[in-house]
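Here is a short note for a colleague who is new to this structure. Please read the points with the model open beside you.

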Amino acid sequence: MLTVQNFAQLESIVLPSTDLVVMVGPQATGKSLVLELLKLAIDRNRIVRVLKQHGFKWDKPEDFAALYLGGGFEKSWTGETQLRFGNEDLRLDEVAGSRSYKGEDAVFYIPAHRTLAIAEGWPRPFTQYQPDTPYVARRFSEELLTSLNQGLVGKGKIFPHDRRLKDAFRKLIDEAVYHGATLKLDVSGMRKQFVLEYEKEATLPFMAWTAGQREFTPLLLGLYHLLPPGGAPKRREVQWAIIEEPEMGLHPKAIVAVMAVVLDLLARGYKVALSTHSPTVLEVIWGMSRLRGVNDGPARLCKIMGLPGDKKVLKTASDALQRTYGVVHVQHGSNGRVISKDISHLNPGAADQSEWEWGGLIGFSAKVNEMVANARARR
């Protein structure tokens, strides 16, 4: 469990200690900030190591906060701030003075601004970003760059790739995002860059892709990082996958494809934290919650996701249904500060508006339905 009190605009936030955590809420309620603090609580020793390796130093704890979270956060961690992870209370001076740990990060973080990583068709190293760029964006870009240089995609064919993802998941992604195109790494020009190759039609550079394809590709590369080839279920040291706004720029069909891979991450033993503005994401969670304990629940979940009911996929669905989940709504309180509320039941009949509206994601649809039904009744 992560508890955050009195940090920046956050007054009181609690994330449950579940296998899957989903955060919903309006813009400017600090969802990204909470997830960054979750990574900081778990990976602080490795974060210190990475910053020092790249030549950064800090004389005051406040400077460390700005280096990690980005410019403007120097004064956000005050004497009233409380950050607690599990049974451990964390102070800024202790975090900033943490000893460096070697080894892979325990949290792999895919940020909302992930397109920054390949904005010019190829990931940039950590130090090519401005210091006020949040650490998680710089780190994600560098990890992609390292993975690609170490042969993440083999001989240049990125998608479809027969050693990455199950066949059923590749089919979902192809139908929703790439539509028969091959995502490749072009090394024929002056530098490496991603291209989409359409058979007998054209080869498109990065800036000619659709917005959804540009948004999805760095997310796909991040998922590849979490799904090692060779039969290993997960990366050995990585325990958490954090994905901000997986729906960004995507059609609902593509969002379902992403959520299918999230089920695979859960089945492989990762803990997953998401932030979202998409009702589709919560529809998947709601469906999972109602199918737990049902005899043919895994088969029904596969049908929901558009997946075949073969043995491997059914095993993935069955394992995912056994994992725990929590949904947290963050919202501005009466004083303007941000507070959280557990809405994990997602009960449409709940008395609490925050829960039956699923954190505001289906409230507008309910209002439209009500107005139309009233109008038809009067007629």
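**Notes on the predicted model**

1. Start at Trp 358. Trp 358 counts as buried, at 5% relative accessibility. (Buried means under 20% relative accessible area, exposed over 50%, and partly exposed in between, with a 1.4 Å probe and protein chains only.) Trp 358 sits in the loop between α11 (353-356) and α12 (363-378). Its phi is near 50°, a positive value in a residue other than glycine. Helices (H or I, at least four residues) and strands (E, at least two) are DSSP runs, numbered from the N terminus.

2. A word on the basis. This is a predicted model, in which local features need pLDDT of at least 70 and side-chain atom pairs count only at pLDDT 80 or more, while totals for chains, interfaces and linings use all residues. Residues are numbered from 1 along each chain as its sequence is written, and side-chain values use heavy atoms, with hydrogens and water left out.

3. Check the backbone at two more places. Most residues other than glycine have a negative phi, and most peptide bonds are trans. His 179 has a positive phi, near 50°. This residue lies in the loop between α5 and β8 (182-186). His 179 is exposed, with a relative accessible area of 53%. Phe 159 and Pro 160 are joined by a cis peptide bond, with omega at about -5°. Pro 160 belongs to the loop between β7 (157-159) and α5.

4. Next, helix α4 (residues 135-149). Its 15 residues reach 21 Å from first C-alpha to last, close to the 21 Å expected at 1.5 Å a residue. The expected span is 1.5 Å times one less than the number of residues. Of the 15 residues in α4, 13 are buried, and the helix is mostly covered.

5. Which residues line the largest cavity? They are Phe 169, Ala 260, Leu 263, Leu 301, Cys 302, Met 305, Leu 307, Val 313, Thr 316 and Ala 317. The structure holds one cavity of 30 Å³ or more. Helices α7 (252-268), α9 (297-305) and α10 (311-321) each supply at least two lining residues.

6. Some terms for that cavity. On a 1 Å grid over the protein atoms alone, a cavity is a set of points where a 1.4 Å probe fits but cannot get out; lining residues have an atom within 4 Å of a point. Grid points are joined across faces, edges and corners, and the volume is the space filled by probe spheres set on the points.

7. Asp 310 caps the N-terminal end of α10, with a side-chain oxygen 3.2 Å from the backbone nitrogen of Lys 312.

8. Is Thr 217 buried or exposed? Thr 217 counts as buried, at 0% relative accessibility. This residue is in helix α6 (residues 211-226). Its side chain makes a polar contact with the side chain of Tyr 178, at 2.9 Å. (A polar contact is a pair of N or O atoms within 3.5 Å; within protein, one must be able to donate a hydrogen and the other to accept it, and residues adjacent in sequence count only if both atoms are side-chain atoms.) A polar atom of the Thr 217 side chain also lies 2.8 Å from the backbone oxygen of Gln 213. Leaving out residues up to four places away in sequence, Thr 217 touches Ile 118, Tyr 178, Leu 183 and Trp 209. Contact means heavy atoms within 4.5 Å.

9. Last, Val 195 in strand β9 (residues 193-198). Val 195 is buried, with a relative accessible area of 6%. Beyond four places in sequence, its contacts include Leu 183, Pro 205 and Trp 209.

Key:
On a 1 Å grid over the protein atoms alone, a cavity is a set of points where a 1.4 Å probe fits but cannot get out, and a pocket is an open set with protein on both sides within 12 Å along at least five of seven lines; lining residues have an atom within 4 Å of a point.
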